[in-house]
Amino acid sequence: MHVLQNQRTSKLSKRHAVDDDGRERSRLFRRGLIPETRPQQILALATFVNMLGSGVFMVSAALYFTRVVGLPLTQVGLGMGVAAGIGLFAGVPVGHLADRRGPRGVYLSMLVVQGVAMAALVLVQSFWLVLVALCIGELARSAGGAARGPLVRGIGGAHLTSYRAYLRSVANLAGSCAAVAAGFAVQLDTRPAYLTLVLANALSFVASAAIIATLPPLPPVPALPTANRWEVLKDRGYVAITVLDGILSIHHQVLLFALPLWIIGHTSAPRWLVGAAALTNTALVVLLQVKASRGVDDSVAAGKAIRRSGVAFFIGMALTAAAAGLPSWLALTGIVAGIFVHTIGELWHTAGSLELRFNLAPAHAQGQYMGLFGFGAGLANMVAPTVLALFCITWGVPGWLVLGGVFIVAGLVMPYVVRWAERTRPNVEQPA
């Protein structure tokens, strides 16, 4: 009798435990803390691991090449710039390959190539071998980004908008953790410490590939009979949106490149604000990106979000520019306000940009369309330091306002270009 009673009690306890676990998972789903499906969770984990390793390397790359490999800083800058430029051209052709062969396998292969190229940096000592390894890594990174696009779309399901925003929050969280980890190595400032960071990045690519391998295969979407092999290059509306988005994407470097130089060289704001600015921006993106993306689920809403972002960028840059010549506490207040407004613009721009790059691309050509969009964003990142140095640092306050005006114009024009792109887009009818 006691045995039967104990068995019933045990079963009831297990049932309540399962129910409690189910309710807890349901709460986590509703709050957007974890994705709903296992494939979405797998891709999010792979994203975190990948960005954790990449963030560690980005923070410490220049120090590794100068202090461990022994290259002059000019060669380091030249090598990284050339590699980034060459890498831009891999997106469209490899994206097309992912469209035809399936994105999971192509993306997995590119992660492995990145891991091998990164590991090779531990062995090479000459500038030319470093350049080869960097070029291979950048080609694989650009190609992997194009292949990842259709993978995200296929896995995102009915809640693609919120899932894309979730992945960006995960990537920013990983970047913050990477900055902390790299900070310890930089503090040690030893050869083993820098070698550990490079090897950790190489292992992160391999680990991400192993995680992606657990995803179920995602079959390619059959192309329409009327589809052109390189149709993205003939889609004038999408090309125009890519150009406008590339101009607006320069804003990513405003807080990272222009603001530190502005704070230290042109204002009386405290220097600790340089680190606090990046930390504040990252925290706001992690916490608010999913919320900012709600309702941005079609092209019209995306165009309006980007229009708002252009205005926010102008206001944020005007507040930052106004800090020049002010007392310390007023300069601090103005720059902090500028950081908050600029980050709000970043949230709106990201939500709209992600929606446009996916929504206006035919289902059977997601890879090559992602490749072109990635080309625009990558080119913007390459030219951003030069543009920002010329406008914001050399020209000063007028330069901040002029560049902010460029952002406003690009944002205001975007909704009209979006409507034109929808009217002229090829192969509108897509197979299920």
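This briefing describes the helices, loops and cysteines of one protein model. The model is predicted, so local features need pLDDT of at least 70 and side-chain atom pairs count only at pLDDT 80 or more, while totals for chains, interfaces and linings use all residues. Residues are numbered from 1 along each chain as its sequence is written, and side-chain values use heavy atoms, with hydrogens and water left out.

**Overall make-up**

- The protein has 15 helices and zero strands; helices (H or I, at least four residues) and strands (E, at least two) are DSSP runs, numbered from the N terminus.
- Of the 432 residues in the protein, 47% are buried, where buried means under 20% relative accessible area, exposed over 50%, and partly exposed in between (1.4 Å probe, protein chains only).
- Among contacts (heavy atoms within 4.5 Å) between residues at least 6 apart in sequence, 86% join residues at least 24 apart.

**Helix α2**

- Helix α2, residues 38–69, bends by about 60° at S60; the bend at a residue is the angle between axes fitted to the seven residues ending there and the seven starting there.

**Helices α3 and α6**

- The axes of α3 (residues 73–87) and α6 (residues 127–156) come within 8 Å and cross at roughly 35°. Axes are lines fitted to C-alpha atoms, for helices over the stretch in contact, and angles run from 0 to 180 degrees between N-to-C directions.
- The contact residues divide into 11 nonpolar, four polar and one charged. Ala, Val, Leu, Ile, Met, Phe, Trp, Tyr, Cys and Pro count as nonpolar, Asp, Glu, Lys and Arg as charged, and the others, Gly among them, as polar.

**Two loop residues**

- D189 lies in the loop between α7 (160–188) and α8 (191–212). D189 is not a glycine, yet its phi is positive, at about 55°.
- D189 is partly exposed, at 33% relative accessible area.
- Q253 sits in the loop between α9 (236–248) and α10 (254–266), and is buried at 18% relative accessibility.
- Leaving aside residues up to four places away in sequence, Q253 touches A258, N381, A384 and L388.

**Cysteines**

- C135 is buried at 12% relative accessible area, and C392 is buried at 0%.
- The whole structure has zero disulfides, a disulfide being a pair of cysteine sulfur atoms within 2.5 Å.
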